[in-house]
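Subject: Structure for you to look at

Dear colleague,

My notes on what was found follow below.

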Amino acid sequence: LGLVGALLYLVAFTFVPVGQMLGRAFEQHPHIVRAYSFNIVGSLAGVWLFNLLSWRSAPPVVWFVVVAALVMPLLMTRGRSGWIAVGLIAVAPVLVWLGHPPGQQTVWSPYQKLTLSPYFEGSETNRVQRGYLLEVNGTHFQQMVDASDAFYARHPDVFKMQDVRLGRFNTPFPFKPAARRVLIVGAGTGNNAAEALRQGVEEVDCVEIDPQIYALGKQYHPEHPYDS
């Protein structure tokens with residue numbers, strides 16, 4: 001609650017003074033309608049730029065660079081204090097880039113931050129990489145796992161077959177034996193699709209709203225179900 005309150009205060013502290021400055025500038029302009037028209041065009045351009053960066057899954061560094069490029073020309077007209085602000089804005093993308101944690105792949109989708117890291121099962125000498133762990137905004141989301149018979153056969157000392165048969169991906173199929181068509185809503189990185197293919201389903205339709213989650217599954221899933 002305190003964090004939300006602080007964010008609301010920062011938003012108001014940032015935009016309310018800017019709005020007041022814009023209102024005074026409109027009052028002083030000899031052609032208010034024309035000035036307001038330019039303001040609307042700029043707003044629409046900002047909305048489309050925001051959508052473009054989101055659609056391209058631009059990382060934070062790109063967002064900071066774009067903001068710096070837009071703000072710098074305005075700050076340069078304010079003398080020495082403006083140049084100090086320009087320097088701070090120029091440093092911001094560098095700090096964001098340096099803050100990237102090593103050993104992880106981070107992708108920014110149009111919806112959220114996705115972090116991919118290796119996922120292991122077993123312990124000590126029996127520890128084996130089974131796939132990848134996907135986090136969303138720093139919170140566990142799902143594992144991208146190899147559940148093929150060949151993988152289990154290679155690691156009989158790590159996995160118990162009775163536990164494998166009761167896995168969450170294959171439990172729906174005993175209720176619908178010999179399914180010919182399957183629809184998977186929220187297909188994620190492809191675990192359910194891989195199981196459907198293993199069960200011999202002839203036609204599998206997958207629906208996933210986040211294009212980057214789908215792309216990660218297509219590239220990194222150990223069984224590559226989205227290549228079928």
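A residue is called buried if its relative accessible area is under 20%, exposed if it is over 50%, and partly exposed in between, using a 1.4 Å probe and protein chains only. By that rule Tyr-152 is buried, with a relative accessible area of 7%.

Please bear in mind that this is a predicted model, in which local features need pLDDT of at least 70 and side-chain atom pairs count only at pLDDT 80 or more, while totals for chains, interfaces and linings use all residues. Residues are numbered from 1 along each chain as its sequence is written, and side-chain values use heavy atoms, with hydrogens and water left out.

Rings of Phe, Tyr and Trp (for Trp, its six-membered ring) pair if their centres lie within 6.5 Å, and the planes count as stacked under 30 degrees apart, as edge-to-face over 60 and as tilted for the rest. Phe-151 and Phe-159 make a tilted pair, with 5.6 Å from centre to centre and 55° between the planes. Tyr-152 and Phe-159 have ring centres 5.3 Å apart and planes at 70°, so this pair is edge-to-face. Phe-151 is buried at 3% relative accessibility, and Phe-159 is buried at 9%. The structure holds 8 aromatic pairs.

Which residues does Arg-130 touch, not counting those up to four places away in sequence? Taking contact to mean heavy atoms within 4.5 Å, its partners include Phe-151, Tyr-152, Phe-159 and Pro-222. Arg-130 is itself buried, with a relative accessible area of 12%, and lies in strand 3 (residues 128-136); strands (E, at least two residues) and helices (H or I, at least four) are DSSP runs, numbered from the N terminus.

Pro-222, in the segment after helix 8, is partly exposed at 31% relative accessibility. Leaving aside neighbours within four places in sequence, Pro-222 is in contact with Arg-130, Gly-131, Met-144, Val-145 and Asp-146.

Helix 8 itself (residues 211-220) has Ile-213, Leu-216 and Gly-217 as its buried residues. They cover an arc of only 100° around the axis, which puts them on the same side of helix 8, the arc being that of the directions from the helix axis to the C-beta atoms. The elements that cover these buried residues include strand 1 (105-108), strand 2 (113-121), strand 3 and strand 4 (139-145).

Finally, there is the nonpolar core, meaning a set of buried Ala, Val, Leu, Ile, Met, Phe, Trp, Tyr and Cys residues joined through side-chain atoms within 4.5 Å. The largest one has 9 residues, among them Phe-173, Ala-179, Val-182 and Val-201. Strand 5 (181-185) and helix 7 (191-198) are the elements that give two or more residues to this core. A second, separate core of 8 residues includes Leu-114, Leu-116, Leu-134 and Leu-216.

With best wishes
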